[in-house]
Amino acid sequence: MQTILSIGIDAFAYGMALFIICIGLSLTMGLMRVVNLAHGAFAMIAGYIASYVARDLGWGYGFAIILAVIGTIILSIPLERFLFRRIYGSSELTQVLMTIGITFCVIGITNYFFGPTLKTIPLPTGLSQPVDVGFRTIAAHRLFVMACGLVVAAGLWYVIERTAFGIKLRATVDNAAMADALGVKTQVVYAVSFALAIGLAAFGGVVGAEFLPIEPYYALRYMVTFLVVVSVGGAGSILGAVIACLVLGAVDTTGRYLMPDFGNFFFYAAVIAIVCVFPRGFFGKAQ
Amino acid sequence: MQTLAQSEKLAAAPSLGSRFLRDAIGIAAIIVAGIAGYFLFPDNLALLTRVIAVGLLVLSIDLITGYCGVATLGQAALFGAGAYAAGIACVNGVTEPLTLILIGAIAGAAAGLLMGTIMLRAHGLAQLVLSIAIVQLFHEAANKASAYTGGSDGLAGLMLSPLFGMFEFDLWGQTAYLFGLALLVVVFVVLKFVVASPFGMLCRGIKEDPVRIGAMGAFVFPVLLKMFVISGAVAGMGGALAAISTQVVGLDSVSFELSANALVMLVLGGLGSLYGALIGTVIFMGFEHVVSAINPFHWMTMVGALLIAVVLALPGGLSSIADAILPSRGRTRGGKA
Amino acid sequence: MSSVKKLLCAAVGALIAGSVSASADTVKVGIIGPFSGPFALQGKNFQAGVEAYMALNGKSVKGHDVEVIYRDLPAANPAQSRALAQELIVKDKVQYLGGVYFTPDALAITPLLKQANAPLVIFNAATSAIMTQSPLVVRTSFTTAQTTTPLGKIAVDRGVKKVVTAVSDYGPGVDAENAFKKAFEAAGGKVVEAIRMPLNTNDFSPIMQRVRDSGAEAVFAFLPSGPTTLGFVKAYNETGLKQAGIKFFAPGDLTQESDLPALGDGALGLLTTFHYAVSHDSPENKRFVEAATKAIGGADQLSFPAVGAFDGMHVIYKMIEATDGKQDAQKAVDAVKGLSWTSPRGPVSIDADTRHITENIYLREVVKGPDGKLINKEIETFANQKDPGLASQ
């Protein structure tokens with residue numbers, strides 16, 4: 001029983017970390033219809049900024065998160081304006097080509113400026129201590145990640161389902177031309193959603209850095225994981241992404257516990273099985 | 001209705017002739033370029049052979065992505081199946097190169113059958129993710145079966161007998177290159193016939209509108225599956241060629257990275273014409289080789305910039321330049337996947 | 001298509017022209033390594049080692065200028081490795097090949113050596129079997145079995161009877177597992193469980209849970225350097241294994257100096273065995289570290305591949321000396337068989353039978369150095385270790 005609880009809590013933490021990083025990509029792919037393979041690159045940029053702020057300037061973890069999110073969004077504005085805007089509505093493969101190109105450039109440039117070593121984001125003492133939760137110890141940071149994941153999920157749900165912006169966003173997604181005709185500024189809606197997605201990537205990159213460490217190859221190394229999570233959840237669905245992250249986190253963690261030698265087999269077999277049963281992901285909308 | 005059909009037939013007749021002419025010119029151009037490569041870069045034949053092997057892989061992706069509209073990020077599973085089958089056969093005493101290519105083709109076709117069966121259950125993004133999952137499973141299996149595949153250390157010690165009993169596979173790589181070139185030309189000619197056949201037309205039709213093709217009475221799944229098998233055979237031959245010319249098979253030949261690179265090469269060159277596949281491969285690998293030789297430390301930024309530039313300037317891929325120059329070749333291309 | 005060829009041709013032509021202009025009496029050395037990609041740091045270390053050697057010992061041997069040509073091979077890719085080696089041999093006319101980070105890449109080059117009449121000096125690739133593939137291979141790095149074997153006795157000496165091994169599921173990991181198991185059980189210990197972890201594991205908590213459940217007194221680990229190592233060590237600390245007194249043993253790849261800043265204080269007290277620590281106390285190493293740090297541009301990037309490259313260049317210089325700049329691979333290799341010298345890592349020699357380096361293996365503990373930075377402090381020496389993987393054959 002203790003073991004099951006223990007595995008469960010690990011799975012939950014890992015799943016939530018994945019969720020925070022991937023939900024931004026799910027929004028870009030589901031709502032904006034852009035296959036943004038450079039998503040991880042933005043998470044990585046945020047990680048570098050956070051590492052610089054927290055480690056080299058010593059300004060603390062909270063500041064690091066805020067500055068990383070803001071800095072990454074600012075950096076992404078020219079990219080959105082000059083590159084991404086050209087590929088809205090293009091074929092998926094053109095989008096893949098463009099965003100892989102951007103990813104390569106970001107990797108090359110970070111490698112040049114920051115070197116190929118791992119970058120850490122020092123945690124405040126409160127988060128770096130193991131906490132005793134009765135049946136085992138767990139890093140406080142993991143509890144923090146779980147809380148962040150729940151907050152992000154609830155917040156996003158509220159924004160999309162309950163606010164005026166959410167209504168405009170959903171209208172734009174369903175029928176951009178009609179929304180435009182009804183007075184919704186679709187360009188603005190797109191720009192804001194893009195910034196939101198990038199901001200979430202940045203937040204996830206920093207908060208999830210304890211699971212997926214920041215280094216120049218981050219964007220390529222975890223690209224597959226991100227894509228898998230989004231498609232299993234169904235692009236654009238928050239609930240789907242939450243469930244996908246929890247299921248995949250659970251499969252991954254229990255697989256690695258029960259039969260570590262075949263951990264990968266478990267994971268990818270589960271992916272194939274889920275996709276075959278739910279071809280649009282758990283909560284994907286019909287195209 | 002009848003007149004319509006007739007007029008279509010009339011319109012089709014000259015285009016059929018001109019298409020043959022165009023393809024004859026295209027194939028001649030490949031042969032000339034291949035032989036020119038032999039004389040212009042006599043010191044880089046190993047690289048050029050690698051380009052041919054990867055070119056076969058990219059061609060195989062064009063068959064299912066460009067002609068059937070099924071995007072895949074897992075094609076290296078088929079390439080690797082061919083490479084490992086040829087490699088294992090070679091280590092176990094089958095050393096005749098042509099036989100090894102055949103073995104690679106069969107293994108690739110079998111893998112293609114398996115992959116198609118699974119992938120065709122889904123569409124769009126889910127399909128893409130299935131392809132990734134499959135190539136990762138293949139990779140894991142090759143790593144696990146290290147007793148047969150050498151695992152991450154690679155399968156070494158492939159000793160080939162000379163081609164036709166006369167031509168050794170040696171350091172200079174002339175045999176390997178010319179052998180590869182001949183293989184490429186043969187495969188290309190065969191594929192041109194395949195895609196021009198009624199079966200090829202059916203595939204294009206499915207790409208445009210599967211529902212309509214189904215309504216016309218054709219079964220979509222078996223047609224696509226057949227293309228997967230053909231594609232697998234082509235990819236498998238590419239893998240076998242890589243195994244023969246390198247004499248080592250590594251886990252990289254069943255990797256997601258290779259699959260992704262190959263898809264990038266295809267989109268770079270342009271989908272759905274077979275030429276685009278080869279152009280994309282040559283440009284991408286040539287660019288990578290030259291840039292990384294000039295500056296081995298920062299070539300990735302350059303490659304990325306090239307990809308972005310192509311999307312901005314030539315959304316249809318590099319082969320669309322040729323379309324612009326030769327209006328007769330203008331056909332819908334680089335469209336939706 | 002043809003215009004593309006022309007472009008390529010022009011570009012490559014320019015390259016050829018560039019390399020031809022070098023003087024006639026130049027001995028060229030081709031170095032293949034991961035200069036870009038996820039392992040770029042190791043490639044940078046190759047280059048730093050080579051440049052440090054040439055800075056300290058001059059750029060010519062007996063009047064023959066030495067020119068080094070670098071070629072980038074970002075990840076294990078035998079086909080590309082062979083293409084690069086072929087180009088270096090046929091086009092650039094190198095007399096010596098060096099470098100090579102990954103085993104399959106080395107295996108792709110060995111079939112070429114005889115025809116090329118060129119020796120291959122391996123700076124890293126650490127699988128025993130490479131040496132048996134060609135008599136023209138010399139290696140100045142280590143093998144995983146060589147660095148791991150002393151750990152068996154060390155563990156037993158520290159009162160550990162039951163160990164769980166946790167290794168990454170690939171060639172070197174399996175080598176490490178086997179070598180440790182053999183040495184540890186020969187010394188009287190027992191491996192209660194052998195875990196092989198997929199290379200792309202991100203979260204190691206379930207593995208730690210398994211270690212804890214097994215009731216072992218220590219864990220033996222092997223992972224490739226980089227992000228996975230970081231995750232593993234973190235999980236070891238955070239899941240309370242460290243507090244529970246479960247010891248941690250590993251070959252030194254895990255605590256390579258360039259990873260230590262990222263590992264942070266969590267790495268304190270880890271015990272590893274390896275052939276080289278940047279902190280090694282000797283005048284030779286001091287000179288080396290100074291020159292190599294200058295070449296690589298930052299003290300915290302320096303790591304073990306640099307010393308393999310440094311000694312590799314030493315071997316190549318000796319070969320050039322013995323053949324007087326002429327191309328004779330067999331003579332060159334024969335000349336360095338049995339060669340011994342004092343390397344930055346301590347006394348070393350090239351075993352005449354296996355052509356693999358014989359060296360000291362050190363037990364090190366991660367501690368805070370005098371300036372507060374983490375270092376691997378050598379606390380015990382196992383002198384003149386050969387490669388057990390080759391010796392047993």
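Biologist: What does chain C average for pLDDT, and what share of the residues score at least 70?

Modeller: This is a predicted model, and chain C averages a pLDDT of 85, with 93% of the residues scoring at least 70.

Biologist: Where in chain C is confidence lowest, and where is it highest?

Modeller: The lowest confidence in chain C falls in helix α1 (residues 2-20) of chain C, which has a mean of 46, whereas strand β5 (residues 120-122) of chain C has the highest, at 93. Across residues 1-23 of chain C the pLDDT is below 50, and the model gives this stretch 18 contacts beyond near neighbours in sequence.

Biologist: Switching to the complex, what ipTM and pTM does the predictor give?

Modeller: The predictor gives the complex an ipTM of 0.85, and the pTM is 0.85 as well.

Biologist: How many residues does the contact take from chain C and from chain A?

Modeller: That contact draws on 30 residues from chain C and 27 residues from chain A. On the side of chain C that touches chain A, the elements giving two or more residues are α2 (40-57), β8 (190-197), α10 (205-214) and α11 (227-238) of chain C, and the largest share, six residues, comes from α10(C).

Biologist: What is that side of chain C made of, by class?

Modeller: By class, the side of chain C that touches chain A has 11 nonpolar, 11 polar and eight charged residues.

Biologist: And the contact between chain A and chain B, how many residues does each give?

Modeller: Chain A contributes 37 residues to this contact and chain B contributes 34 residues. At least two residues of the side of chain A that touches chain B come from each of α3 (61-87), α4 (92-114), α11 (223-233) and α13 (263-277) of chain A.

Biologist: Which of those gives the most, and how do the residues divide by class?

Modeller: α4(A) gives the most to the side of chain A that touches chain B, with 16 residues, and the residues of that side divide into 24 nonpolar, 10 polar and three charged.

Biologist: Now chain B itself, how many helices and strands are there?

Modeller: Chain B has 14 helices and zero strands.

Conventions
Residues are numbered from 1 along each chain as its sequence is written. Chains are lettered from A and ligands numbered from 1 in the order in which they are written. This is a predicted model: local features need pLDDT of at least 70, side-chain atom pairs count only at pLDDT 80 or more; totals for chains, interfaces and linings use all residues. Two residues are in contact if their C-beta atoms, placed from the backbone, lie within 7 Å. Helices (H or I, at least four residues) and strands (E, at least two) are DSSP runs, numbered from the N terminus. Ala, Val, Leu, Ile, Met, Phe, Trp, Tyr, Cys and Pro count as nonpolar, Asp, Glu, Lys and Arg as charged, and the others, Gly among them, as polar. pLDDT is the predictor's confidence in each residue, from 0 to 100.
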